[in-house]
Amino acid sequence: MKRKYNQNRLVSRSLKALLILAGAAITITGCKEDFLEPDPISFFEPGPTFTTKGGLDAAIATADRHLRSYWTNPTIQDLGLPISTEYMFSDMAVAAKTDDGNILADIATRLVPTDMPERLRDHFWRETFNGIKYANTVLTYIDNVPNMDEATKNEYRGRAYFHRSFRYMALCFEFKDVPLITKILSEPKLNYRSTKREAILEKITADMENAVQWVPNQSAMTLKGLVNKGACRQLLIKCYLATGQWDKAIEQADILINSSGYSLMTNNFGSFINPYPATWPITRNVIWDLHRPENKGINANTEAIMVMSNRLSTDAGYAMNSMRNWLPLLDNPGNSTPDGKQAVRFFSRQNANGSANANFRAQYDYVRAHGRGIAHIRPTYFAQKSLWYVNGVNDETDLRHNTAVGNWVTMESLKYNDPTSTFFGQNLRLRNAAGTLLSTDTIRNWFDWPHYKYYIENPLETGNPAEINHRGGAGDLYLYRLAETYLLRAEAKFYKGDPTAVNDVNIIRQRAGCTQLYSTVTIGDIMNERARELHMEEWRFTELSRVSYCLALSGKADEWGNTYTVANLHQNSYWYQRIQRYNDFYNKGKVSVRGRSYTMAPHNINWPIPNDDIQANGGAELRQNPGYSGGNTAAPIWEKWQDALADEDITK
């Protein structure tokens, strides 16, 4: 058997599995694969694997599952869940696991190329290049499949372009200038250069223009969860925004909104799940229905552009552990009643001997109704409170922030549930009558949250009468919804100076039942609406980085009158201004955890290129980002994507 090598372990152990499981969903390799490290050991000749349609289906299935792993990755769940990290680098949240001596709080000094947090190095860098590998596998070998017509080949190419472009869009706004890799190589290559971000954005825009032409509409497909034309169009809109082509972005958004068969959900639909009405009753509303996992992928949901299938019973889905990761540690003894008892206790439904638990009260069954959180991250004051003020008014009818209907939970809306306390059944309070704090750890134990987003039933845990954990189950996830399309169109219109941008934002607010509408919108209003509508759907940091870049391209001012330049975003950016103004932890000097103060620096808008991967690329030097030591910020890069592609086959 002839040996095969690759630049990102592009012919990897994961592809060995494709030989065995062609046509099936393939388990993703772990996060320890080394980018740019040649693999000297071959397990197979990959070419024959992809001479059948089944082989291509297996590669695409691997790419699909890998995409979902940013929300559900089973190998780095909990503390390193990728989507949680996106929020830690934003205006919306910070690390909160205060018993972790290695907590990622002091980011300004902690984030260095030689000792990067595992979640950044292994998933956002190396695993993202693995995702590119899966796409490149299809693109490299598709012409080896006999008896496949060109239209079918183009459909596969279009889906592969989507997967590769999605990941390069992320890399460009997380790491900036990175190697552009478009094929599987048959010899080791150790002389990669970085490619300029602008060149990569130009390349993926061209690819997505083809993908939109080639990939079918969801209505023409028998399966959901595959990349469809609508998803390609949504990504193309972002490509056009990132390349400053505002009119083209608006044109594509118009097509999605007006003539692609999608529409916002404005009425109740699907199954109504009111899981624990005795403890936390839900008044049925469209926002609740829209975010029930069982409703996301049904035909009645005309807002869903692309849903990532994640069902334990059908495709080896993975639990997000959403309640465990994102809820406060409610049952921590550090939360106390005014008479010194534990504020919230979690009771099983039975005693150890199997008999009924005398302390169990169905109306206070918070562990099942909400889940057992341990707060790996916690929201900022902005995310909980000030974000929801529009026109200076707290819009209490906004269904996304509404405790009355059950969508939003405040600590004060819960009740003391220890039967031995004289305060049993009264609402929680943060301070006693004398003003003394009743929580010893307000970072981890005391904050509000969006129940409608975080609650995902885990029937194995909630159905076990002896269980006192409910961490969250598996359920379908949105990749793209039409609500985001409206906000992307508003963004493009804002850059153009088109005052009708306000209409697109208000449409989303009206659907949410808001009474406060905008008369005009700033970029801040648009980004605030994204935060309200797309919480834990959008990659918040990556989107803020992208918008910072687009805002600089446009020359438009932010909500404070600041303008920015692309060349100096590492010194000052819209992202950093939002960190400074909206995040009440970073750089405020008020809070520290285990000797670590919460800090963020302007240059953190670009994460560092991992030093060990720079060293592994011994024949050339990858460009390091400004603000980080241990690398050359002036290393030669490819200015044009065409030159990067021409260099791919040059291995010496």
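**Exercise 1. A loop asparagine**

Work out where N321 lies in this predicted model, and say whether N321 is buried or exposed.

*Solution.* 
- Start with the location: N321 sits in the loop that links α12 (312–315) and α13 (322–326).
- Next, check the backbone. N321 isn't a glycine, yet its phi is positive, at about 55°.
- As background, most residues other than glycine have a negative phi.
- Finally, the surface. The relative accessible area of N321 is 11%, and the cut-off for buried is under 20%, so N321 counts as buried.

**Exercise 2. Another positive phi**

Find the loop that holds N391 and classify how accessible N391 is.

*Solution.* 
- N391 belongs to the loop between β5 (389–390) and β6 (393–394).
- Its phi is near 60°, again a positive value in a residue other than glycine.
- For accessibility, take the 49% relative value of N391. Exposed would need over 50%, so N391 goes down as partly exposed.

**Exercise 3. A strand pair**

Which strand is joined to β3, and in which direction do the two run?

*Solution.* 
- Look for bridges: four of them join β3 to strand β9 (residues 477–481).
- Then the direction: β3 and β9 run antiparallel.
- For a specific pair, take M308, whose bridge partner in β9 is L477.
- Now the burial of β3 (residues 304–308): five of its five residues are buried, so the rest of the structure largely encloses this strand.
- β9 is mostly covered too, with five of five residues buried.

**Exercise 4. Two partners for α22**

Decide whether α22 runs roughly parallel or antiparallel to α19, then do likewise for α21.

*Solution.* 
- Begin with helix α19 (residues 482–496): its axis and that of α22 come within 10 Å and cross at roughly 25°.
- That makes α19 roughly parallel to α22.
- The residues in this contact are L488, E491, F494 and Y495 from α19, along with R546, V547, C550, L551 and S554 from α22.
- Go on to helix α21 (residues 523–533) and helix α22 (residues 540–554): their axes come within 12 Å, crossing at roughly 165°.
- An angle over 145 degrees counts as roughly antiparallel, so α21 is roughly antiparallel to α22.
- α21 passes α22 in a right-handed crossing.
- Here I523, M527, R530 and A531 of α21 meet R540, E543, L544, R546, V547 and L551 of α22.

**Exercise 5. An enclosed helix**

How many residues of α23 are buried, and what do they pack against?

*Solution.* 
- Helix α23 (residues 574–582) has seven of its nine residues buried, so it is largely enclosed by the rest of the structure.
- The buried ones are Y574, W575, Y576, Q577, R578, I579 and Y582.
- They pack against α15 (381–384), α21 and α22.

**Exercise 6. Confidence check**

Where does pLDDT stay under 50, and what is the chain average?

*Solution.* 
- Take the whole chain to begin with: the average pLDDT is 89, and 90% of the residues score at least 70.
- The stretch to flag is residues 1–45, where pLDDT stays under 50.
- The model has 136 contacts beyond four places in sequence for those residues.

How values were computed. Residues numbered from 1 in each chain as written. Predicted model: local features only at pLDDT ≥ 70, side-chain atom pairs only at ≥ 80, totals over all residues. Heavy atoms only, no water. Buried < 20%, exposed > 50% of the residue type's maximum accessible area, 1.4 Å probe, protein only. Helix = DSSP H or I, 4+ residues; strand = E, 2+ residues; numbered from the N terminus. Pairing = 2+ DSSP bridges. pLDDT = per-residue confidence, 0-100. Contact = heavy atoms within 4.5 Å. Axes fitted to C-alpha atoms, helices over the stretch in contact; angles between N-to-C directions. Parallel < 35°, antiparallel > 145°, perpendicular 65-115°, else oblique. Left-handed = near helix turned anticlockwise from the far one by under 90°.
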